[in-house]
Amino acid sequence: MNKDWPIWEIFIRSKNGLDHRHAGSLHAADAEMAIQNARDVYTRRQEGVSVWVVESKHITASNPEKSGELFEPAKDKVYRHPTFYNLPDELKHM
Amino acid sequence: MENISIKLEEEFQARIDRGENIEAKDWMPEKYRKTHIRQISQHAHSEVVGMLPEGNWISRAPSLRRKVALLAKVQDEAGHGLYLYSAAETLGISRDELVEQLLDGTAKYSSIFNYPTLTWADMGAVGWLVDGAAIINQVMLTKTSYGPYARAMVRICKEESFHQRQGYEIMLALANGTEAQKHMAQDALNRFWWPSLMMFGPRDEDSPNTEQSMKWKIKKKTNDELRQQFVDQTVPQAEILGLTIPDPDLKWNDDKGGYDFGEIDWAEFWDVVKGNGPCNRKRMEDRNNAWDNGAWVREAALVHAKKQAERKVSKIA
(Lines give C-alpha, C1' and ligand atoms only; values in the text may rest on other atoms or scores of the structure.)
Protein backbone atom coordinates (compact mmCIF):
# COMPACT_ATOMS: atom_id res chain seq x y z
CA MET A 1 0.00 0.00 0.00
CA ASN A 2 1.25 3.48 -0.84
CA LYS A 3 1.70 5.20 2.51
CA ASP A 4 1.82 8.74 1.12
CA TRP A 5 -1.48 10.53 1.78
CA PRO A 6 -3.06 11.84 -1.45
CA ILE A 7 -2.63 15.51 -2.46
CA TRP A 8 -5.59 17.88 -2.38
CA GLU A 9 -6.00 21.28 -3.99
CA ILE A 10 -7.48 23.86 -1.65
CA PHE A 11 -9.86 26.65 -2.68
CA ILE A 12 -10.85 29.34 -0.21
CA ARG A 13 -13.58 31.97 -0.23
CA SER A 14 -12.21 34.90 1.74
CA LYS A 15 -15.66 36.38 2.35
CA ASN A 16 -19.18 35.93 1.10
CA GLY A 17 -19.68 37.65 -2.22
CA LEU A 18 -16.25 36.66 -3.53
CA ASP A 19 -15.16 33.59 -5.51
CA HIS A 20 -13.29 30.68 -4.04
CA ARG A 21 -9.66 31.04 -5.07
CA HIS A 22 -6.89 28.49 -5.26
CA ALA A 23 -4.83 28.77 -2.07
CA GLY A 24 -2.42 25.87 -2.48
CA SER A 25 -2.30 22.16 -1.83
CA LEU A 26 -1.76 19.75 1.02
CA HIS A 27 -1.80 16.06 1.91
CA ALA A 28 -4.67 14.38 3.74
CA ALA A 29 -6.03 10.86 4.09
CA ASP A 30 -9.56 11.88 3.05
CA ALA A 31 -11.71 14.89 2.17
CA GLU A 32 -12.77 15.54 5.74
CA MET A 33 -9.17 15.65 6.93
CA ALA A 34 -8.28 17.83 3.95
CA ILE A 35 -10.80 20.42 5.14
CA GLN A 36 -9.44 20.27 8.70
CA ASN A 37 -5.87 20.62 7.49
CA ALA A 38 -6.81 23.43 5.11
CA ARG A 39 -8.31 25.28 8.07
CA ASP A 40 -4.99 24.98 9.94
CA VAL A 41 -2.67 25.59 7.02
CA TYR A 42 -4.46 28.30 5.03
CA THR A 43 -6.82 30.16 7.37
CA ARG A 44 -4.84 30.80 10.56
CA ARG A 45 -5.56 34.53 10.23
CA GLN A 46 -9.22 34.49 9.22
CA GLU A 47 -8.42 34.24 5.53
CA GLY A 48 -11.54 32.24 4.78
CA VAL A 49 -15.22 31.61 5.41
CA SER A 50 -15.53 28.57 3.14
CA VAL A 51 -13.22 25.86 1.82
CA TRP A 52 -13.42 23.55 -1.18
CA VAL A 53 -11.07 20.58 -1.40
CA VAL A 54 -10.49 18.55 -4.57
CA GLU A 55 -8.12 15.65 -4.87
CA SER A 56 -5.39 16.84 -7.24
CA LYS A 57 -5.66 13.80 -9.51
CA HIS A 58 -9.17 14.88 -10.52
CA ILE A 59 -7.92 18.14 -12.02
CA THR A 60 -7.14 18.17 -15.73
CA ALA A 61 -4.83 20.98 -16.73
CA SER A 62 -4.25 22.39 -20.20
CA ASN A 63 -0.88 21.63 -21.73
CA PRO A 64 1.41 24.69 -21.75
CA GLU A 65 2.84 23.54 -25.10
CA LYS A 66 -0.64 23.94 -26.58
CA SER A 67 -1.19 27.40 -25.11
CA GLY A 68 -0.74 28.94 -28.54
CA GLU A 69 -3.54 27.10 -30.28
CA LEU A 70 -5.81 27.41 -27.23
CA PHE A 71 -5.44 31.05 -26.38
CA GLU A 72 -4.01 32.88 -29.39
CA PRO A 73 -7.26 32.90 -31.40
CA ALA A 74 -8.58 35.51 -28.95
CA LYS A 75 -5.63 37.78 -29.57
CA ASP A 76 -6.79 39.45 -32.81
CA LYS A 77 -10.40 39.93 -31.74
CA VAL A 78 -10.03 43.44 -30.45
CA TYR A 79 -13.62 44.14 -31.46
CA ARG A 80 -14.66 42.24 -28.33
CA HIS A 81 -13.47 45.17 -26.24
CA PRO A 82 -15.46 48.39 -25.74
CA THR A 83 -12.49 50.60 -26.65
CA PHE A 84 -12.55 49.23 -30.21
CA TYR A 85 -15.52 51.45 -31.06
CA ASN A 86 -14.92 55.08 -32.00
CA LEU A 87 -17.52 57.31 -30.48
CA PRO A 88 -17.64 61.09 -29.90
CA ASP A 89 -16.28 62.36 -26.55
CA GLU A 90 -19.47 64.25 -25.76
CA LEU A 91 -21.43 60.99 -25.69
CA LYS A 92 -22.27 60.18 -22.06
CA HIS A 93 -23.36 57.09 -20.12
CA MET A 94 -21.88 54.55 -22.55
CA MET B 1 18.12 16.19 -30.78
CA GLU B 2 20.89 18.27 -29.27
CA ASN B 3 19.81 21.22 -31.40
CA ILE B 4 16.28 20.97 -30.09
CA SER B 5 17.41 21.02 -26.48
CA ILE B 6 19.72 24.00 -27.10
CA LYS B 7 16.82 25.82 -28.71
CA LEU B 8 14.54 24.98 -25.77
CA GLU B 9 17.14 26.27 -23.32
CA GLU B 10 17.52 29.50 -25.28
CA GLU B 11 13.77 30.01 -25.31
CA PHE B 12 13.66 29.25 -21.59
CA GLN B 13 16.36 31.81 -20.84
CA ALA B 14 14.57 34.37 -23.00
CA ARG B 15 11.41 33.89 -20.94
CA ILE B 16 13.37 34.40 -17.73
CA ASP B 17 15.06 37.51 -19.19
CA ARG B 18 11.65 38.94 -20.08
CA GLY B 19 10.70 38.52 -16.41
CA GLU B 20 8.16 35.76 -17.01
CA ASN B 21 7.44 33.24 -14.26
CA ILE B 22 8.00 29.57 -14.93
CA GLU B 23 5.10 27.31 -13.91
CA ALA B 24 5.07 23.65 -12.92
CA LYS B 25 4.10 22.15 -16.27
CA ASP B 26 6.34 24.38 -18.39
CA TRP B 27 9.45 22.98 -20.01
CA MET B 28 12.55 23.67 -17.90
CA PRO B 29 16.19 22.54 -17.99
CA GLU B 30 16.82 19.53 -15.78
CA LYS B 31 19.32 21.52 -13.77
CA TYR B 32 16.75 24.26 -13.07
CA ARG B 33 14.37 21.60 -11.80
CA LYS B 34 17.01 19.91 -9.65
CA THR B 35 18.33 23.18 -8.22
CA HIS B 36 14.80 24.13 -7.22
CA ILE B 37 14.01 20.79 -5.64
CA ARG B 38 17.20 21.11 -3.61
CA GLN B 39 16.68 24.73 -2.62
CA ILE B 40 12.93 24.60 -1.89
CA SER B 41 13.19 21.37 0.08
CA GLN B 42 16.15 22.71 2.03
CA HIS B 43 14.03 25.74 2.83
CA ALA B 44 11.08 23.52 3.88
CA HIS B 45 13.29 21.37 6.09
CA SER B 46 14.63 24.53 7.73
CA GLU B 47 11.10 25.60 8.67
CA VAL B 48 10.37 22.19 10.14
CA VAL B 49 13.64 21.76 12.04
CA GLY B 50 13.35 25.42 13.04
CA MET B 51 10.39 24.51 15.22
CA LEU B 52 12.63 22.51 17.55
CA PRO B 53 14.79 25.21 19.18
CA GLU B 54 11.70 27.35 19.86
CA GLY B 55 9.40 24.49 20.79
CA ASN B 56 11.94 23.97 23.54
CA TRP B 57 10.67 27.11 25.30
CA ILE B 58 6.88 26.99 24.83
CA SER B 59 6.23 25.29 28.16
CA ARG B 60 8.57 27.72 29.96
CA ALA B 61 7.46 31.03 28.45
CA PRO B 62 7.37 33.68 31.20
CA SER B 63 3.74 34.76 30.64
CA LEU B 64 0.62 33.66 28.83
CA ARG B 65 1.04 36.53 26.36
CA ARG B 66 4.52 35.32 25.44
CA LYS B 67 3.35 31.74 25.32
CA VAL B 68 0.47 32.20 22.87
CA ALA B 69 2.73 34.30 20.62
CA LEU B 70 5.50 31.72 20.59
CA LEU B 71 3.01 28.94 20.02
CA ALA B 72 1.49 30.83 17.07
CA LYS B 73 4.94 31.44 15.63
CA VAL B 74 5.94 27.79 15.83
CA GLN B 75 2.59 26.84 14.28
CA ASP B 76 3.28 29.28 11.42
CA GLU B 77 6.61 27.58 10.84
CA ALA B 78 4.87 24.23 10.45
CA GLY B 79 2.60 25.93 7.91
CA HIS B 80 5.55 27.45 6.07
CA GLY B 81 7.18 24.04 5.85
CA LEU B 82 3.97 22.72 4.29
CA TYR B 83 3.67 25.55 1.71
CA LEU B 84 7.25 24.87 0.67
CA TYR B 85 6.94 21.08 0.50
CA SER B 86 3.92 21.58 -1.77
CA ALA B 87 5.94 23.91 -4.00
CA ALA B 88 8.74 21.32 -4.21
CA GLU B 89 6.23 18.59 -5.05
CA THR B 90 5.11 20.48 -8.16
CA LEU B 91 8.56 19.62 -9.56
CA GLY B 92 7.84 15.89 -9.54
CA ILE B 93 9.21 14.67 -6.23
CA SER B 94 6.94 13.06 -3.61
CA ARG B 95 6.48 14.19 -0.03
CA ASP B 96 7.80 10.85 1.22
CA GLU B 97 11.00 11.25 -0.80
CA LEU B 98 11.48 14.76 0.56
CA VAL B 99 11.01 13.66 4.16
CA GLU B 100 13.29 10.70 3.61
CA GLN B 101 16.07 12.97 2.34
CA LEU B 102 15.86 15.03 5.51
CA LEU B 103 15.78 12.04 7.82
CA ASP B 104 18.70 10.21 6.22
CA GLY B 105 20.78 13.38 6.11
CA THR B 106 21.10 13.72 2.32
CA ALA B 107 19.19 17.01 2.39
CA LYS B 108 20.42 19.98 4.39
CA TYR B 109 18.57 22.54 6.46
CA SER B 110 19.74 25.93 7.70
CA SER B 111 22.70 25.55 10.05
CA ILE B 112 21.35 28.20 12.40
CA PHE B 113 19.04 25.59 13.93
CA ASN B 114 22.00 23.55 15.04
CA TYR B 115 22.71 26.10 17.75
CA PRO B 116 21.06 25.59 21.16
CA THR B 117 18.49 27.95 22.73
CA LEU B 118 19.84 28.19 26.27
CA THR B 119 17.79 30.99 27.85
CA TRP B 120 14.47 32.76 27.34
CA ALA B 121 16.37 35.66 25.77
CA ASP B 122 17.25 33.32 22.92
CA MET B 123 13.58 33.41 21.89
CA GLY B 124 14.04 37.14 21.51
CA ALA B 125 17.32 36.83 19.62
CA VAL B 126 15.97 34.12 17.31
CA GLY B 127 12.89 36.18 16.39
CA TRP B 128 14.84 39.38 15.96
CA LEU B 129 18.00 38.12 14.24
CA VAL B 130 17.25 34.72 12.75
CA ASP B 131 13.83 35.67 11.44
CA GLY B 132 15.22 39.06 10.44
CA ALA B 133 17.89 37.39 8.32
CA ALA B 134 15.38 34.92 6.91
CA ILE B 135 13.00 37.74 5.94
CA ILE B 136 15.71 39.52 3.93
CA ASN B 137 16.29 36.35 1.95
CA GLN B 138 12.58 35.61 1.63
CA VAL B 139 11.57 39.06 0.46
CA MET B 140 14.05 38.63 -2.39
CA LEU B 141 12.56 35.21 -3.15
CA THR B 142 9.03 36.61 -3.62
CA LYS B 143 10.40 37.70 -7.02
CA THR B 144 12.05 34.41 -7.85
CA SER B 145 11.37 32.99 -11.32
CA TYR B 146 9.61 29.76 -10.30
CA GLY B 147 5.92 30.61 -9.77
CA PRO B 148 4.96 28.10 -7.04
CA TYR B 149 8.05 29.04 -4.99
CA ALA B 150 7.42 32.77 -5.39
CA ARG B 151 3.78 32.40 -4.32
CA ALA B 152 4.75 30.40 -1.22
CA MET B 153 7.21 33.17 -0.37
CA VAL B 154 4.59 35.91 -0.63
CA ARG B 155 2.41 34.06 1.85
CA ILE B 156 5.35 33.37 4.16
CA CYS B 157 6.60 36.97 4.15
CA LYS B 158 3.15 38.24 5.12
CA GLU B 159 3.18 36.00 8.18
CA GLU B 160 6.83 36.32 9.07
CA SER B 161 6.88 39.96 10.07
CA PHE B 162 4.98 39.24 13.30
CA HIS B 163 7.71 36.70 14.14
CA GLN B 164 10.43 39.29 14.05
CA ARG B 165 8.39 41.87 15.94
CA GLN B 166 7.55 39.44 18.75
CA GLY B 167 11.25 38.58 19.05
CA TYR B 168 12.29 42.20 19.18
CA GLU B 169 9.65 42.93 21.81
CA ILE B 170 11.12 40.17 24.00
CA MET B 171 14.59 41.72 23.59
CA LEU B 172 13.19 45.17 24.37
CA ALA B 173 11.58 44.00 27.61
CA LEU B 174 14.77 42.27 28.75
CA ALA B 175 17.06 45.11 27.68
CA ASN B 176 14.97 47.52 29.76
CA GLY B 177 14.68 45.12 32.68
CA THR B 178 16.94 44.29 35.61
CA GLU B 179 20.70 44.03 35.26
CA ALA B 180 20.40 40.25 35.09
CA GLN B 181 17.78 40.47 32.32
CA LYS B 182 19.87 42.93 30.34
CA HIS B 183 22.85 40.64 30.71
CA MET B 184 20.74 37.74 29.44
CA ALA B 185 19.71 39.76 26.36
CA GLN B 186 23.32 40.72 25.62
CA ASP B 187 24.43 37.12 26.02
CA ALA B 188 21.80 35.95 23.52
CA LEU B 189 22.92 38.60 21.03
CA ASN B 190 26.53 37.53 21.53
CA ARG B 191 25.75 33.92 20.72
CA PHE B 192 23.35 34.51 17.82
CA TRP B 193 25.03 37.39 15.99
CA TRP B 194 27.67 35.46 14.07
CA PRO B 195 25.53 32.41 13.27
CA SER B 196 22.91 34.85 11.91
CA LEU B 197 25.47 36.39 9.55
CA MET B 198 26.38 32.86 8.46
CA MET B 199 22.77 32.27 7.38
CA PHE B 200 23.47 34.13 4.12
CA GLY B 201 25.92 31.42 3.08
CA PRO B 202 29.53 31.52 1.92
CA ARG B 203 31.20 34.62 0.52
CA ASP B 204 30.36 35.32 -3.12
CA GLU B 205 33.77 34.16 -4.34
CA ASP B 206 33.20 30.83 -2.54
CA SER B 207 29.67 30.36 -3.81
CA PRO B 208 29.92 28.58 -7.17
CA ASN B 209 26.14 28.35 -7.69
CA THR B 210 25.49 32.07 -7.41
CA GLU B 211 26.18 32.95 -11.04
CA GLN B 212 23.76 30.38 -12.48
CA SER B 213 21.16 31.22 -9.81
CA MET B 214 21.32 34.90 -10.75
CA LYS B 215 21.05 34.07 -14.45
CA TRP B 216 17.92 32.03 -13.83
CA LYS B 217 16.63 34.70 -11.44
CA ILE B 218 16.38 32.17 -8.63
CA LYS B 219 18.28 34.75 -6.62
CA LYS B 220 18.31 38.45 -7.36
CA LYS B 221 21.04 39.44 -4.90
CA THR B 222 24.27 37.73 -3.89
CA ASN B 223 25.03 36.32 -0.43
CA ASP B 224 27.33 39.22 0.41
CA GLU B 225 24.80 41.83 -0.73
CA LEU B 226 22.10 40.30 1.46
CA ARG B 227 24.48 40.02 4.42
CA GLN B 228 25.41 43.69 4.09
CA GLN B 229 21.74 44.65 4.00
CA PHE B 230 21.15 42.66 7.19
CA VAL B 231 24.04 44.30 9.06
CA ASP B 232 22.99 47.78 7.95
CA GLN B 233 19.42 47.37 9.12
CA THR B 234 20.23 45.49 12.34
CA VAL B 235 22.92 47.73 13.88
CA PRO B 236 20.51 50.64 14.53
CA GLN B 237 18.02 48.15 16.02
CA ALA B 238 20.70 46.99 18.49
CA GLU B 239 21.34 50.63 19.38
CA ILE B 240 17.68 51.13 20.31
CA LEU B 241 18.00 48.14 22.61
CA GLY B 242 21.19 49.55 24.11
CA LEU B 243 23.00 46.30 23.36
CA THR B 244 26.45 45.87 21.83
CA ILE B 245 27.06 43.88 18.68
CA PRO B 246 29.93 41.48 19.42
CA ASP B 247 32.20 42.66 16.61
CA PRO B 248 35.14 44.97 17.38
CA ASP B 249 35.60 45.65 13.64
CA LEU B 250 32.06 46.93 13.17
CA LYS B 251 32.29 50.51 11.93
CA TRP B 252 30.21 52.87 9.75
CA ASN B 253 31.82 53.43 6.37
CA ASP B 254 30.70 56.72 4.86
CA ASP B 255 32.07 55.94 1.40
CA LYS B 256 30.03 52.83 0.87
CA GLY B 257 27.08 54.08 2.93
CA GLY B 258 27.08 50.92 5.04
CA TYR B 259 28.86 49.20 7.88
CA ASP B 260 32.19 47.44 7.63
CA PHE B 261 32.22 44.34 9.75
CA GLY B 262 34.59 41.62 10.88
CA GLU B 263 35.33 38.31 9.20
CA ILE B 264 33.04 35.36 9.89
CA ASP B 265 34.69 32.27 11.36
CA TRP B 266 34.41 30.21 8.19
CA ALA B 267 35.96 27.14 9.79
CA GLU B 268 33.01 27.08 12.21
CA PHE B 269 30.59 27.68 9.34
CA TRP B 270 31.80 24.66 7.36
CA ASP B 271 32.07 22.52 10.47
CA VAL B 272 28.38 23.07 11.33
CA VAL B 273 27.37 22.50 7.69
CA LYS B 274 29.21 19.17 7.81
CA GLY B 275 27.18 18.06 10.81
CA ASN B 276 29.43 18.96 13.74
CA GLY B 277 27.46 21.85 15.23
CA PRO B 278 26.36 21.75 18.86
CA CYS B 279 22.91 20.32 18.08
CA ASN B 280 23.09 18.59 14.65
CA ARG B 281 22.72 15.11 16.08
CA LYS B 282 19.97 16.08 18.49
CA ARG B 283 17.91 17.76 15.77
CA MET B 284 18.15 14.75 13.46
CA GLU B 285 17.32 12.41 16.30
CA ASP B 286 14.23 14.46 17.22
CA ARG B 287 12.99 14.58 13.62
CA ASN B 288 13.55 10.86 13.14
CA ASN B 289 11.72 10.06 16.37
CA ALA B 290 8.80 12.30 15.45
CA TRP B 291 8.50 10.60 12.07
CA ASP B 292 8.81 7.06 13.42
CA ASN B 293 6.46 7.64 16.34
CA GLY B 294 3.86 9.16 14.03
CA ALA B 295 3.93 6.27 11.55
CA TRP B 296 0.99 4.41 13.11
CA VAL B 297 -1.14 7.57 12.98
CA ARG B 298 -0.46 8.09 9.29
CA GLU B 299 -1.26 4.45 8.54
CA ALA B 300 -4.39 4.42 10.71
CA ALA B 301 -5.72 7.55 8.99
CA LEU B 302 -5.39 5.90 5.59
CA VAL B 303 -7.12 2.72 6.74
CA HIS B 304 -9.89 4.79 8.33
CA ALA B 305 -10.34 6.78 5.12
CA LYS B 306 -10.56 3.58 3.10
CA LYS B 307 -13.15 2.06 5.46
CA GLN B 308 -15.28 5.20 5.39
CA ALA B 309 -15.19 5.24 1.58
CA GLU B 310 -16.23 1.56 1.43
CA ARG B 311 -19.04 2.14 3.89
CA LYS B 312 -20.35 4.97 1.71
CA VAL B 313 -20.30 2.73 -1.38
CA SER B 314 -22.11 -0.13 0.39
CA LYS B 315 -24.81 2.30 1.62
CA ILE B 316 -25.44 3.49 -1.94
CA ALA B 317 -25.58 -0.13 -3.16
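**View 1. The hairpin of S1(A) and S2(A) in this predicted model.** Six residues lie between the two strands of this hairpin, and there Gly17(A) adopts a positive phi near 105°. Strand S1 (residues 7-13) and S2(A) run antiparallel and pair over seven bridges; strands are DSSP runs (E, at least two residues), numbered from the N terminus, and two of them pair if DSSP finds at least two bridges between them. Look for Ile12(A), whose bridge partner in S2(A) is Arg21(A).

View 2. Buried means under 20% relative accessible area, exposed over 50%, and partly exposed in between (1.4 Å probe, protein chains only).

**View 3. Lys73(B) in helix H4 (residues 64-89) of chain B.** Helices are DSSP runs (H or I) of at least four residues. Lys73(B) is buried, at 0% relative accessibility. Beyond neighbours within four places in sequence, its contacts (heavy atoms within 4.5 Å) include Glu54(B), Asp131(B) and His163(B).

**View 4. Met94(A), in the segment after H2 of chain A.** Here is an exposed residue, with a relative accessible area of 79%.

**Notes for all views.** Residues are numbered from 1 along each chain as its sequence is written, chains are lettered from A and ligands numbered from 1 in the order written, and side-chain values use heavy atoms, without hydrogens and water. In this predicted model, local features need pLDDT of at least 70 and side-chain atom pairs count only at pLDDT 80 or more, while totals for chains, interfaces and linings use all residues. The predictor's confidence in each residue, pLDDT, runs from 0 to 100, and its mean for chain A is 94.
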